[in-house]
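Subject: Structure for you to look at

Hello,

I am handing over a structure, with its sequence, for you to read through. My notes follow below it.

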Amino acid sequence: MDHVSEPISSPQTTARSPGGEEFDVVGRAGPLRIKGAPRVLAETRQDLLVIKEGAIFLCSRPNGDILPGLVSGEGLYFEDTRFLSEFRLTLGGKPLVLLSSSDDIAYATNPNLTEGKALTVPQQDLSIQRFRMIRHRLYERISVRNYGRSAVDTRLEISLGADYADTFEVRGFSRRKARGHTLAPKFASGDLRFAYVGEDRVFRETLITFDPPPTTIAVAGEVATASWDLVLERREKKTIEVSAEPSVAGKRRAPLDLETAEKRAHSSHDRWRRAGTIIKTDNEHFNRFIHASVRDLRALETPFGGGELFAAGIPWYVAPFGRDSLLTCYESLLWNPRTAVDCLRVLAKLQAV
């Protein structure tokens with residue numbers, strides 16, 4: 001049974017987590033927005049990188065950032081709620097220069113870094129790699145390597161925020177008359193926690209871990225900024241790992257390091273792929289097409305109602321959608337009929353009487 005929090009009245013200034021921890025109430029929640037951004041439907045064209053595993057999925061800009069706003073719908077989602085609405089990386093106070101990216105990795109370099117009018121770090125002296133994956137939570141590894149001729153002293157910053165908007169709200173299809181209460185972010189024992197008590201009185205939080213811990217962390221309202229002072233000798237590389245776990249009603253999973261989580265994710269994907277028909281041809285392009293299709297099906301497989309079925313699409317249709325799920329299963333019977341059996345069982349449980 002979900003933990004139910006005590007109702008929060010307007011004068012109330014604190015709330016308690018399921019574990020009894022006290023949080024300060026910031027006020028009524030509202031989606032974080034870019035200042036001056038128009039309120040338009042989220043289908044507005046914006047290229048996004050998407051990764052998904054189970055019930056958790058992430059949509060980000062091509063450079064890996066999540067910008068606050070209601071335009072493109074980027075964010076970290078779980079159970080129809082956005083648990084991370086901002087994840088912005090800067091180096092020396094400036095955004096990175098993107099070189100290339102795919103769903104799970106982005107390569108970037110530094111812009112010209114200056115002190116006053118003096119150029120301190122020329123563009124392309126630093127190489128930045130962002131690798132991310134999902135395994136019951138979001139993992140991200142940020143690697144910075146110095147390819148310059150001299151040592152570099154700079155600062156890496158990550159700005160984080162969580163608005164807990166539901167997917168209909170993010171899409172711009174609903175304007176809620178009332179939202180729950182945002183709780184002030186807390187930083188303790190090296191971990192950062194965002195929290196929210198909804199109108200349904202359920203306690204939701206986003207738990208952020210850092211390795212190594214940030215040099216400093218600053219909280220301003222609903223946004224927290226973690227900073228690392230980096231000193232890189234020639235050819236030296238330093239790595240920062242960040243994870244974000246969505247939690248509802250105090251439920252958490254045992255934490256894993258990124259390497260272990262990555263191995264388990266690969267093993268799970270491999271077992272899933274091998275459970276179906278292996279299709280090989282003498283056309284390498286067609287083989288890659290089949291491999292990509294099976295990989296996409298795996299991403300769409302989502303737990304619902306004690307079983308699993310294919311969601312209709314990421315991000316707006318990660319939900320039971322009978323017609324699309326059934327057609328997908330029908331067209332993939334040659335590959336694996338088990339998915340059709342699972343889908344029919346889930347949909348049968350959801351039938352009206």
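Predicted model: local features only at pLDDT ≥ 70, side-chain atom pairs only at ≥ 80, totals over all residues.

Rolling a probe the size of a water molecule over the atoms shows where empty space is left. The largest pocket has a volume of about 880 Å³. Its lining is made of 26 residues, and those closest to the centre are I51, K52, D104, H269 and R295. Sorted by class, the lining has 11 nonpolar, 4 polar and 11 charged residues.

The second largest pocket holds about 550 Å³ of space. Here 22 residues form the lining, with A55, I56, F78, H136 and R253 closest to the centre. The elements that give two or more residues to it are β21 (237-248) and β22 (301-304). Of the elements, β21 gives the most, with 4 residues. By class, this lining divides into 6 nonpolar, 5 polar and 11 charged residues.

Next, the sheet. Strands of a sheet pair through backbone hydrogen bonds, either parallel or antiparallel. In this model there is an open sheet of 4 strands, in the order β3-β4-β5-β6, and the pairing is antiparallel. Which strands stand at the edges? They are β3 and β6 (81-84), and each has a single partner strand, so one side of each is left without a neighbour in the sheet. On average, neighbouring strands of this sheet are turned by 25 degrees against each other, direction ignored.

Last, one residue. S143 is found in strand β14 (residues 138-146). Is S143 buried or exposed? Its relative accessibility is 7%, so S143 counts as buried, the cut-off for buried being under 20%. The side chain of S143 is joined to that of T239 by a polar contact of 3.4 Å.

Regards

Note on methods: Residues numbered from 1 in each chain as written. Heavy atoms only, no water. 1 Å grid on protein atoms, 1.4 Å probe; cavity = no way out; pocket = protein on both sides within 12 Å on 5 of 7 lines; lining within 4 Å. Points joined across faces, edges and corners; volume = space filled by probe spheres on them. Nonpolar A, V, L, I, M, F, W, Y, C, P; charged D, E, K, R; others polar. Pairing = 2+ DSSP bridges. Axes fitted to C-alpha atoms, helices over the stretch in contact; angles between N-to-C directions. Buried < 20%, exposed > 50% of the residue type's maximum accessible area, 1.4 Å probe, protein only. Polar contact = N/O pair within 3.5 Å; in protein donor to acceptor, adjacent residues only side chain to side chain.
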